[in-house]
Amino acid sequence: MTAEVDAWMAGYDNPMKPVVQAMREVILAADDRIAECIKWSAPTFTYKGNMASFFPKSKAHASLMFHKGAGIPGSFPNLEGDGKEARSFKVTDLADLDAKRAELQAITRAWCDLRDG
């Protein structure tokens, strides 16, 4: 975890803050290759490019946008969208995150493996 994102989280005033923080922890623990920073005014996860960014204004769920999610190999039913590149991953609460934890970790590892070619 970085001080930059810690500071952003400290000032984040949103009912989904506990879910966003928990998702952050899941992603960072999933693979040591993942880093985090603030881009586009939101926490962004990176490894050899931008993997995903939170949509910080969402209040009904925590939402991650996987910038090139359509290209991540594997079957991930919670990566939603039908556009050319981006996919979203939504979590409604901590129980929902527990149910989706393994998939979110697998997506993170698949991204890193893809970027390593």
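Trainee: Is Arg24 buried or exposed?

Mentor: Arg24 counts as buried, because its relative accessibility is 2%. Buried means under 20% relative accessible area, exposed means over 50%, and partly exposed is in between (1.4 Å probe, protein chains only). One caution: this is a predicted model, where local features need pLDDT of at least 70, side-chain atom pairs count only at pLDDT 80 or more, and totals for chains, interfaces and linings use all residues. Residues are numbered from 1 along each chain as its sequence is written, and side-chain values use heavy atoms, with hydrogens and water left out.

Trainee: Which residue forms a salt bridge with Arg24?

Mentor: Glu36 does, with the closest N and O atoms 2.7 Å apart. A salt bridge here is a side-chain nitrogen of Lys or Arg within 4 Å of a carboxyl oxygen of Asp or Glu. The pair links distant parts of the chain: Glu36 is in strand 1 (residues 35–39) and Arg24 is in helix 2, 12 residues apart. Helices (H or I, at least four residues) and strands (E, at least two) are DSSP runs, numbered from the N terminus.

Trainee: And Glu36, buried or exposed?

Mentor: Buried, because its relative accessibility is 7%.

Trainee: How many salt bridges does the rule give?

Mentor: The count comes to 9.

Trainee: What does Asp116 pair with?

Mentor: Asp116 forms a salt bridge with Arg33, and the closest N and O atoms are 2.6 Å apart. Asp116 sits in helix 3 (residues 94–116), while Arg33 is in the loop between helix 2 and strand 1, 83 residues apart. Asp116 is partly exposed, at 36% relative accessible area. Arg33 is partly exposed too, at 27%.

Trainee: What about Asp96, which residue is its partner?

Mentor: Lys100, with the closest N and O atoms 3.0 Å apart. Both lie in helix 3, 4 residues apart, about one turn of the helix. Asp96 is buried, and so is Lys100.

Trainee: Switching topic. How do helix 1 and helix 2 cross?

Mentor: Helix 1 (residues 3–10) and helix 2 (residues 17–30) have axes that come within 11 Å and cross at roughly 165 degrees. That makes the two helices roughly antiparallel. Axes are lines fitted to C-alpha atoms, for helices over the stretch in contact, and angles run from 0 to 180 degrees between N-to-C directions. Angles under 35 degrees count as roughly parallel, over 145 as roughly antiparallel, 65 to 115 as roughly perpendicular and the rest as oblique.

Trainee: Which residues make that contact?

Mentor: Helix 1 brings Val5, Asp6, Met9 and Ala10, and helix 2 brings Lys17, Val20, Gln21 and Arg24. Contact means heavy atoms within 4.5 Å.

Trainee: Where is Ala22, and what does Ala22 contact?

Mentor: Ala22 is in helix 2. Leaving aside neighbours within four places in sequence, Ala22 is in contact with Leu94 and Leu97. Ala22 counts as buried, at 15% relative accessibility.

Trainee: Last one. What does Lys90 touch?

Mentor: Lys90 is in strand 5 (residues 87–91). Not counting residues up to four places away in sequence, Lys90 touches His61, Ala62, Ser63, Glu80, Asp96 and Lys100. Lys90 is partly exposed, with a relative accessible area of 31%.
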